[in-house]
Amino acid sequence: MIAEAPSEFVKAAVIGHPIKHSKSPIIHNYWIKKYGLAGAYETADIPPDNLRRGLMGLVTRGFTGFNLTLPHKELVLDMCDEVDDLARRVGAVNTITVRDGLFFGTNTDVFGFAENIRDHVPDFNYEAGPIAVLGAGGAGRAAVHALLDQGCPKIRLSNRSFDKAMTLAARSVDSARVQVIPWEERGAHLADVKMLVNTTSLGMPGRPDIEINLRQLNPTACVYDIVYTPLYTKLLRDAQETGNPVITGIGMLLHQARPAFQSWFGVMPELDKELQEMVLS
Ligand code: ATR
């Protein structure tokens, strides 16, 4: 829902466990300042078994906007008074707006995922052929929904836990368009894909790099990694070496924050280089 810019001080927070490395406060506080709004955005470390009580405690303290991150995005669905269609389909809520004490939940990761593609490859043709997606966690679910919504004819979904990929496919809006590929075969069905997307946590600091052979990949296929630390993961560096266009993950983080900010502060913020540099530094 689009709100008017509120006249009172707005308090929002990102809730996770752990949460101290979250970049969300940098993003939202930057926009509060940039647009001259009265508000503040904080972090709240709340363990899953205390989530309901923790949220109510924050509401009592005057908070009216929440972002949810690991491990809360699925759990919080049942704590909302109203959840929009998209969040229900994805099975995850990452944004809550509190109005008259009621919790309205939505999912802005789907928007963030697709807007980032638009920034990098504005004329990307989703309908041109299959797209390979690695990972079936929360981010994988958002990616699959975004790609189906955009008209992708076939998604080749591969996840270490096969059953999780099967569940994602079965619950998607059009399961006939989602083909589950065993994790061991993730590099074996890439010859006709128009894009390869990594939504797993592989490649992040302290995690191994993703192992995948890009030999089959057509040189025009885009390679998108939603990991943004480091900005250029091994997967993206390999793709650059073979001349494939790459899409870095930072834009997904920045874009998913925009509709959340809008629903609390009434302003749809624009991205700029200064913010991107602050978040990456
Ligand atoms: P998020 O919400 O950020 O997607 P998540 O739900 O924990 O986080 O999902 C993490 C993803 O990375 C999952 O697809 C996970 O695979 P499993 O579903 O099999 O757990 C994937 N992942 C994590 N570590 C991995 C590894 N060592 N090898 C392959 N996939 C891995």
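Two residues are in contact when they have heavy atoms within 4.5 Å of each other. The structure examined here is a predicted model, in which local features need pLDDT of at least 70 and side-chain atom pairs count only at pLDDT 80 or more, while totals for chains, interfaces and linings use all residues. Residues are numbered from 1 along each chain as its sequence is written, and side-chain values use heavy atoms, with hydrogens and water left out.

Asparagine 159 counts as buried because its relative accessibility is 9%; buried means under 20% relative accessible area, exposed over 50%, and partly exposed in between, with a 1.4 Å probe and protein chains only. Leaving out residues up to four places away in sequence, asparagine 159 touches Gly135, Ala136, Lys164, Ala165, Ile181 and Trp183. From leucine 86, asparagine 159 is 73 residues away in sequence and 23 Å away in space, C-alpha to C-alpha.

Next come the nonpolar cores, each a set of buried Ala, Val, Leu, Ile, Met, Phe, Trp, Tyr and Cys residues joined through side-chain atoms within 4.5 Å. The largest has 33 residues, and Phe113, Ile131, Met195 and Tyr224 have the most contacts inside it. Elements that each supply at least two residues of this core include helix H4 (109–120), helix H5 (138–149) and strand E8 (155–159). The largest share, six residues, comes from H5. A second, separate core has 21 residues, among them Val10, Tyr41, Ala260 and Val267.

How do the helices pack? Helix H1 (residues 24–34) meets helix H8 (residues 250–265) at an angle of about 50°, with axes 10 Å apart; axes are lines fitted to C-alpha atoms, for helices over the stretch in contact, and angles run from 0 to 180 degrees between N-to-C directions. H1 and H8 are therefore oblique to each other (under 35 degrees is roughly parallel, over 145 roughly antiparallel, 65 to 115 roughly perpendicular, and the rest oblique). On the H1 side, the contact uses Ile27, His28, Trp31 and Ile32.

With helix H9 (residues 273–280), H1 packs at about 150°, again with axes 10 Å apart. That angle makes H1 roughly antiparallel to H9. This contact joins Ile26, Ile27, Tyr30 and Trp31 of H1 to Glu274, Leu275, Met278 and Val279 of H9.

Technical notes
Helix = DSSP H or I, 4+ residues; strand = E, 2+ residues; numbered from the N terminus.
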